[in-house]
Amino acid sequence: SRTKLTYETRANFAKNPLSKRLFTLMATKKTNLCLAADLNKADDILELANKCGPYICMLKTHVDIIEDFSEGFITNLKTVAKRHNFLILEDRKFADIGNTVSQQYGKGMYKIASWANLVTAHTLSGRSIVQGLKAGLDDNAKKQRGVFLLAEMSAKGNLIDEKYKESSNKIATEGGDADFVSGVVCQSSTCFGFPGLIQLTPGVKIDEGVDNLGQQYETPEHVVKERGADIGIVGRGILQAANVEKAAATYRDRLWTAYLERVAK
Ligand code: 5BU
């Protein structure tokens, strides 16, 4: 199964240039940690990214929770991403018809398509969600962008069932637009089988458990070895630590060791 293959090997299966790039980045930088930078001030995000940059393969943003967003913030974030060699994932969770998604992606205040290497999208509206994202990009830009499709969520009581999960997998792997899909956001190794896609799994914390708004956590070892995560997303596990840099290093070590143990013969 895909979970026994190394990231180097899986890079060769990737149809989307960004998943190939991300697999390779993970293998060379030796990290499968994605940091969820859920902070409300631009400078705080930049400071966090600078401190934790050496330990992460990707920084995940929710650009709509930033109170002082500016183009300058994006310029600085891109500089930090280049300095520390990580990709930027805007967790926008697009969910509308293609024509609207195309505008939400490229236009408005945030112009997400101009800076986010990767974005997330729900599959609720079907294949046209991927087509909508691609529609606003020129041929060159299409090769430098990708989407993670949601096939499962970590929230308690979420409405996603087996059939929805299977249909999401089909959108991610079949048809002419699958080359724009970098991976799947999900909670289990049965979400998809194609080794060229990346499994992104949120809900990761050393102290497993729940928060008071429905979030459910599992340990780094559990998500990588039992749930098939290729990349673990960690937010508050790092953000609320007394020393964020140390916490990032710890999560990196534990996620990476779990991956090495998973692929060991
Ligand atoms: P936390 O602080 O580690 O709980 O943050 C988790 C992040 O992952 C947060 O930014 C969520 O928006 C995101 N997330 C999630 O928690 N669960 C999901 O199923 C999806 C995204 Br999809």
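How many residues surround the ligand, and which are the closest? Let's start there, then turn to a helix and an annotated span. Please keep in mind that this is a predicted model, in which local features need pLDDT of at least 70 and side-chain atom pairs count only at pLDDT 80 or more, while totals for chains, interfaces and linings use all residues. Residues are numbered from 1 along each chain as its sequence is written.

**View 1. The shell around the ligand.** The ligand is surrounded by 17 residues, and the closest are Met153, Ser154, Pro202, Gly235 and Arg236 (near: C-beta atom, placed from the backbone, within 6 Å). By type, the shell has eight nonpolar, six polar and three charged residues (nonpolar: Ala, Val, Leu, Ile, Met, Phe, Trp, Tyr, Cys and Pro; charged: Asp, Glu, Lys and Arg; polar: the others, Gly among them). At least two shell residues come from each of β10 and α10 (DSSP runs numbered from the N terminus: helices are H or I, at least four residues; strands are E, at least two).

**View 2. The two sides of helix α11.** Buried here are Ala247, Ala248, Tyr251, Arg252, Leu255, Trp256, Ala258 and Tyr259 (buried: 20 or more other C-beta atoms within 10 Å of its own; exposed: 12 or fewer; partly exposed: in between; C-beta atoms placed from the backbone). They cover an arc of only 155° around the axis, so they sit on the same side of α11 (arc: directions from the helix axis to the C-beta atoms). Leu260 and Glu261, on the other side, are exposed.
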